[in-house]
Amino acid sequence: MTRPIFDDQDMVAAIETDPAPLVLRYDAAWRESARAFPISLTMPLAQVEHPAEVVIPWLMNLLPEGEPLRAMTRAMGVSRDDILGLIDETGRDLAGALTVGRPQPDQAPAFTPIETDAELERIIDSLPAKPFLVGDEGVSMSLAGAQDKLPLALVDGRLAIPVGGAASTHILKPDNPKLLGSVQNEALCMVLARRCGLPTAAVTTGVSGARSYLLVTRYDREERDGRTVRLHQEDFCQALGKPPVAKYQHNSSGVVGPSLPQMFALVREHMTARDINRLLDAVIFNIAIGNVDSHAKNYSILLTPQRAALAPFYDLMSGLDWPHITQNHAQDIGGQRRGRHIYGRHWRRMAEETGVAGPATVRRVGALTERLLAELPAAVDEVAAMPGGGARLDLFSKAIAERATEVRNHAAVEGRVQRPSNHSRAT
């Protein structure tokens with residue numbers, strides 16, 4: 001069986017499964033096109049064919065994880081191990097530029113408007129059992145992650161459901177009953193990052209009935225001449241050939257997850273010094289706000305015919321104010337995973353491991369945390385003025401201010417040497 005892959009109307013490649021084993025083969029015309037970009041940094045255009053051990057992890061990272069994946073497979077009647085079967089059903093609107101199975105329609109895109117707040121509330125409530133509205137006629141879309149979310153389009157100021165392969169422009173992320181104030185928390189962290197100079201996806205909040213939500217503008221979509229164009233991207237798990245279960249550096253999957261040295265090496269090989277500095281700022285910012293979930297799938301790369309570049313940042317959230325959330329960060333900082341135990345020596349060791357300057361890194365920690373603390377009150381006001389309101393913003397901002405101050409102060413000193421524990425590797 002052949003599954004074609006398209007960028008808009010252009011054939012990019014095909015996944016061949018007959019005869020076995022699976023192989024992805026680039027289209028000859030695409031490889032010669034001035035518009036050509038690689039599907040992944042693991043699948044360079046210079047190599048015509050790519051084997052299953054490269055292709056399958058890349059495909060897996062297009063699908064949700066955890067309960068959303070289980071619910072999707074139940075709704076579709078498809079095994080969670082049938083990666084290609086799941087992609088067949090959801091491959092019309094994915095992360096990045098590509099569609100699987102059919103090209104983007106050349107006629108005007110089709111959307112189903114969400115007419116009322118009550119209808120939007122009903123859709124949000126249905127997502128746990130019906131991820132991405134699977135089974136609805138004409139709907140075919142997927143996003144990675146273990147959180148409920150829904151790709152939508154903003155059409156004439158109204159949210160709408162893309163159908164027939166139309167491109168979504170926004171991602172709706174509902175409130176999480178297990179994480180009170182999750183919408184306001186993420187909005188605050190995203191706004192704060194932007195105010196600190198980090199490129200981020202634009203966000204706002206909203207309310208429909210009893211539900212609140214975060215609305216994120218997709219950075220992998222662009223308006224050109226009144227038409228939505230998909231931009232290609234992949235996350236760091238895809239770019240490093242890791243399955244989604246290995247998104248954390250330390251995990252129980254049997255596959256070691258991406259470390260900061262590996263992530264910086266990837267950026268250094270394919271991108272610019274500016275991207276290296278942006279990644280360093282993102283790492284510092286995530287430690288300073290207590291974003292313990294900044295795993296490799298929460299960093300992405302934009303792929304164009306000219307070059308690769310670090311994508312705007314997303315999924316920024318502080319885990320400091322929820323007592324049941326681990327305080328272990330997704331990657332080691334110079335051998336230490338606990339944010340409150342990261343000192344100057346850890347930052348310098350991380351710098352040495354990642355190929356950046358140690359003293360300059362410590363100074364950068366101080367400068368970025370100072371700016372964060374200065375911008376925090378205005379970021380709180382900005383989020384409080386959004387339609388979703390300011391629930392728990394005082395608690396979140398207080399916890400972030402305390403952690404950022406701690407990170408700033410600790411970076412200036414060596415700190416005491418600790419014995420290794422189950423929670424951290426001391427140095």
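Reader: Strands are taken to be DSSP runs (E, at least two residues), numbered from the N terminus. In which strand does E223 lie?

Author: This is a predicted model. In it, E223 lies in strand β12, which covers residues 221-224.

Reader: Is E223 buried or exposed?

Author: E223 counts as exposed, because its relative accessibility is 51% and the cut-off for exposed is over 50%.

Reader: Which residues does E223 touch, leaving out those up to four places away in sequence?

Author: With those left out, E223 touches T169 and T228.

Reader: And how far apart are E223 and D293 in space?

Author: Their C-alpha atoms are 31 Å apart, and 70 residues separate E223 from D293 in sequence.

Reader: Let us step back to the chain. How many helices and strands are there?

Author: The chain has twelve helices and 18 strands. Its radius of gyration is 21 Å, close to the 22 Å given by the globule rule for 427 residues, so the chain is as compact as a globular protein of that length.

Reader: What does the C-alpha trace span along its principal axes?

Author: The spans are about 60 × 50 × 40 Å.

Reader: What percentage of the residues count as buried?

Author: Of the 427 residues, 56% count as buried. The chain exposes about 17,800 Å², and carbon and sulfur atoms supply 52% of that area.

Reader: What share of the contacts with a separation of 6 or more comes from residues 24 or more positions apart?

Author: Such residues account for 66% of those contacts.

Reader: Now the sheets. What is the order of strands in the open sheet of five?

Author: The order is β4-β3-β2-β1-β5, and the pairing is antiparallel. At the edges stand β4 (49-51) and β5 (98-100); each has a single partner strand, so one side of each is left without a neighbour in the sheet. On average, neighbouring strands of this sheet are turned by 25° against each other, direction ignored.

Reader: How many bridges join β1 to β2?

Author: Six bridges join β1 (residues 2-7) to β2 (residues 10-16), and the two strands run antiparallel. T2 has E16 in β2 as its bridge partner, while D7 is partnered by D10. The hairpin of β1 and β2 has two residues between the strands, and D8 there takes a positive phi near 60°.

Reader: What joins β2 to β3?

Author: A hairpin does so, through six residues. The two strands run antiparallel and are joined by four bridges, with A13 standing opposite Y26 in β3.

Reader: Why is β2 described as largely enclosed?

Author: Five of its seven residues are buried, so β2 is largely enclosed by the rest of the structure.

Reader: Which helix packs on the sheet there?

Author: Helix α2 (residues 52-60) packs on the sheet and touches β2, β3, β4 and β5; its direction makes about 75° with that of β4.

Reader: What is the order of the open sheet of six strands?

Author: That sheet runs β6-β8-β7-β9-β11-β10, again with antiparallel pairing. Its edge strands, β6 (110-113) and β10 (203-208), each pair on one side only. Neighbouring strands in this sheet are turned by 45° against each other on average, direction ignored.

Reader: How many bridges are there between β10 and β11?

Author: There are six, and β10 pairs with β11 (residues 211-217) in the antiparallel sense. S208 stands opposite R211 in β11.

Reader: At what angle to β11 do α5 and α6 run?

Author: Helix α5 (residues 117-126) runs at about 85° to β11, and it lies across β6, β7, β8, β9, β10 and β11. Helix α6 runs at about 25° to β11 and lies across β9, β10 and β11.

Reader: Where is N185 found?

Author: N185 is found in α6, residues 182-195. It counts as buried, because its relative accessibility is 1% and buried means under 20%. Not counting residues up to four places away in sequence, N185 touches M317, S318, W322 and F396.

Reader: One last topic: how many disulfides does the structure hold?

Author: The structure holds zero disulfides.

Note on methods:
Residues are numbered from 1 along each chain as its sequence is written. This is a predicted model: local features need pLDDT of at least 70, side-chain atom pairs count only at pLDDT 80 or more; totals for chains, interfaces and linings use all residues. Side-chain values use heavy atoms; hydrogens and water are left out. Two strands pair if DSSP finds at least two bridges between them. Axes are lines fitted to C-alpha atoms, for helices over the stretch in contact, and angles run from 0 to 180 degrees between N-to-C directions. Contact means heavy atoms within 4.5 Å. A disulfide is a pair of cysteine sulfur atoms within 2.5 Å. The radius of gyration is taken over C-alpha atoms; the globule rule is 2.2 Å times the number of residues to the power 0.38. Buried means under 20% relative accessible area, exposed over 50%, partly exposed in between (1.4 Å probe, protein chains only). Accessible areas come from the Shrake-Rupley method with a 1.4 Å probe; for residues, only the protein chains shown count as cover.
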